[in-house]
Amino acid sequence: QVQLVESGGGLVQAGGSLRLSCAASGIIVSLSTMGWYRQAPGKQRELVAVVTGGGTTNYADSVKGRFTISRDKAKKSVYLQMNSLKPEDTAIYYCYVNLPFDTWGQGTLVTVSS
């Protein structure tokens, strides 16, 4: 029974920061690729950042240098530190894990005001 629960979204001014958290159950973090997707109104869902079971990270070009993904094996959690936020970062952010099968959480809304 895989479950991903996101938290940490909210309203922030452009240039500010937020830290998103994802609490996972029913997975083995050390074996899984975990990450964050986002979907803005009128746009397709896109991959924002991932971290593999081996610790390798990858980021979308639009967030490189501003966002940092991390994980905590003991807490079965993955985090997304978002700095220098821009209005175009406004979206619903979804936690993701690939094992035992592709799973997304319900999402948390991030709104960045100009």
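A charge is taken to sit over a ring if NZ of Lys or CZ of Arg is within 6 Å of the ring centre and within 35 degrees of the ring normal. The model examined here is predicted. Under that criterion, the charged end of Arg45 sits over the ring of Tyr94, at 3.9 Å from its centre. Arg19 is likewise placed over the face of Tyr79, where the distance to the ring centre is 4.1 Å.

**Aromatic pairs**

How many aromatic pairs does the structure hold? There are 3. In one of them, the ring centres of Tyr37 and Trp104 are 5.7 Å apart and the planes stand at 75°; because planes over 60 degrees apart count as edge-to-face, this pair is assigned to that class. Tyr37 belongs to strand S4 (residues 34-39) and Trp104 to strand S10 (residues 103-104), so the pair ties together parts of the chain that are 67 residues apart in sequence. Trp104 also pairs with Tyr96: their centres are 5.1 Å apart and their planes are at 45°, so this pair is tilted.

| Residue | Relative accessible area | Class |
|---|---|---|
| Tyr37 | 18% | buried |
| Tyr96 | 9% | buried |
| Trp104 | 34% | partly exposed |
| Ser30 | 32% | partly exposed |

The class of Tyr37 follows from the cut-off, because buried means under 20% relative accessible area and Tyr37 has 18%. Trp104, at 34%, counts as partly exposed.

**Disulfide**

A search of the whole structure finds 1 disulfide. Cys22 and Cys95 are its partners, with an S to S distance of 2.1 Å. The link of Cys22 and Cys95 is left-handed, with -85° about the S-S bond. Distant parts of the chain are linked by this pair: Cys22 lies in strand S3 (residues 18-25) and Cys95 in strand S9 (residues 91-97), 73 residues apart. Both Cys22 and Cys95 are buried.

Strands of a sheet pair through backbone hydrogen bonds, in either a parallel or an antiparallel sense. In this model, an open sheet of 4 strands runs in the order S1-S3-S8-S7, and its pairing is antiparallel. Which strands form the edges? They are strand S1 (3-7) and strand S7 (67-72), each of which pairs on one side only. From one strand to the next, the twist averages 15°. Strand S8 (residues 77-82) pairs with S7 in the antiparallel sense over 6 bridges. Ile69 has Leu80, in S8, as its bridge partner.

**Loop residue Ser30**

Where is Ser30 found? Ser30 is located in the loop between S3 and S4. With its neighbours within four places in sequence left aside, Ser30 is in contact with Gly53 and Lys73. The C-alpha atoms of Ser30 and Leu109 are separated by 27 Å, and these residues are 79 residues apart along the chain.

Key:
Residues numbered from 1 in each chain as written. Predicted model: local features only at pLDDT ≥ 70, side-chain atom pairs only at ≥ 80, totals over all residues. Heavy atoms only, no water. Pairing = 2+ DSSP bridges. Helix = DSSP H or I, 4+ residues; strand = E, 2+ residues; numbered from the N terminus. Axes fitted to C-alpha atoms, helices over the stretch in contact; angles between N-to-C directions. Phe/Tyr/Trp six-rings, centres within 6.5 Å; stacked < 30°, edge-to-face > 60°. Buried < 20%, exposed > 50% of the residue type's maximum accessible area, 1.4 Å probe, protein only. Disulfide = S-S within 2.5 Å. Contact = heavy atoms within 4.5 Å.
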